Amino acid sequence: MTSSGCDGLKGTWDYVDGENFDEYMKELGVGMATRLAAKGVKPRLVISENGGKWTVRSESSIKTTSYEFTPGVEFNETTPDGREVKSTISFEGNKWVHTSVDKNGKKSVVTRYVDDKGQQMIDMECGSVKARRWYKRA
């Protein structure tokens, strides 16, 4: 699976803003204390690739997390809030589609892409709830 359309996501990104993230986390089943803590976090994302294996690192004042994946291959992931999920990330054109399913069968889809302003857009969907976050190059 080629990654050429998603190469633009490589690099370091700083959080700009978001919409409806609290409702998205609530739909995922994230507890109130964690949601409140997450409201003030402005993470820095570092995305890299080496030999077809990609790494995403999220750095903040509260926590640094990371995961590695090979496009199209299912992997076990521990989310920043501690949930264990099965995830698959595929590259579809210039979009990176991250599908996760938790132990209760709750599915979420996170789509990343670079918009026409050069910002990384992250569209999130779980159930009927949609949210968005965006980042600028550091």
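**Core, sheet and aromatic pairs**

In this predicted model, the largest nonpolar core holds 27 residues, of which Tyr24, Phe69 and Trp96 touch the most other members. Eight elements are listed here as giving two or more residues to this core: strand 1 (11–19), helix 1 (21–28), strand 2 (44–50), strand 3 (53–59), strand 4 (64–69), strand 6 (84–92), strand 9 (120–126) and strand 10 (129–137). Helix 1 supplies the largest share, 4 residues. In soluble globular proteins, nonpolar side chains tend to be buried together. Phenylalanine 69 illustrates the contacts within the fold. Beyond its neighbours within four places in sequence, phenylalanine 69 is in contact with Gly52, Lys53, Trp54, Val56, Phe75, Ile89, Phe91 and Trp96.

The sheet is open and built from 10 strands, in the order 4-3-2-1-10-9-8-7-6-5. Pairing is antiparallel. Strand 4 and strand 5 (75–78) stand at the edges; each has a single partner strand, so one side of each lacks a neighbour in the sheet. From one strand to the next, the twist averages 25 degrees. Strand 1 and strand 2 pair in the antiparallel sense over 4 bridges. Tryptophan 13 has leucine 45, in strand 2, as its bridge partner.

Aromatic pairs number 11 in the structure. In one of them, the rings of tyrosine 15 and tyrosine 135 have centres 5.6 Å apart and planes at 80 degrees. This angle is over 60 degrees, so the pair is edge-to-face. Tyrosine 15 lies in strand 1 and tyrosine 135 in strand 10, so the pair ties together parts 120 residues apart in sequence. Both partners fall under the 20% cut-off for burial: tyrosine 15 is buried at a relative accessible area of 16%, and tyrosine 135 is buried at 3%.

Another pair joins tryptophan 54 and phenylalanine 91. The ring centres of tryptophan 54 and phenylalanine 91 are 5.1 Å apart and the planes lie at 70 degrees, so this pair is also edge-to-face. Tryptophan 54 belongs to strand 3 and phenylalanine 91 to strand 6, so parts 37 residues apart in sequence are tied together. Tryptophan 54 is buried, with 1% relative accessibility. Phenylalanine 91 is buried as well, at 9%. Tryptophan 54 and phenylalanine 91 belong to one aromatic cluster with Tyr67, Phe69, Phe75 and Trp96.

Charged side chains also lie over aromatic faces. Lysine 95 sits over the face of tyrosine 113, at 4.9 Å from the ring centre. Arginine 133 lies over the face of phenylalanine 21, at 3.9 Å from the ring centre.

Key. Residues numbered from 1 in each chain as written. Heavy atoms only, no water. Core = buried A, V, L, I, M, F, W, Y, C linked by side-chain atoms within 4.5 Å. Buried < 20%, exposed > 50% of the residue type's maximum accessible area, 1.4 Å probe, protein only. Contact = heavy atoms within 4.5 Å. Pairing = 2+ DSSP bridges. Axes fitted to C-alpha atoms, helices over the stretch in contact; angles between N-to-C directions. Phe/Tyr/Trp six-rings, centres within 6.5 Å; stacked < 30°, edge-to-face > 60°. Lys NZ or Arg CZ within 6 Å of the ring centre and 35° of its normal.
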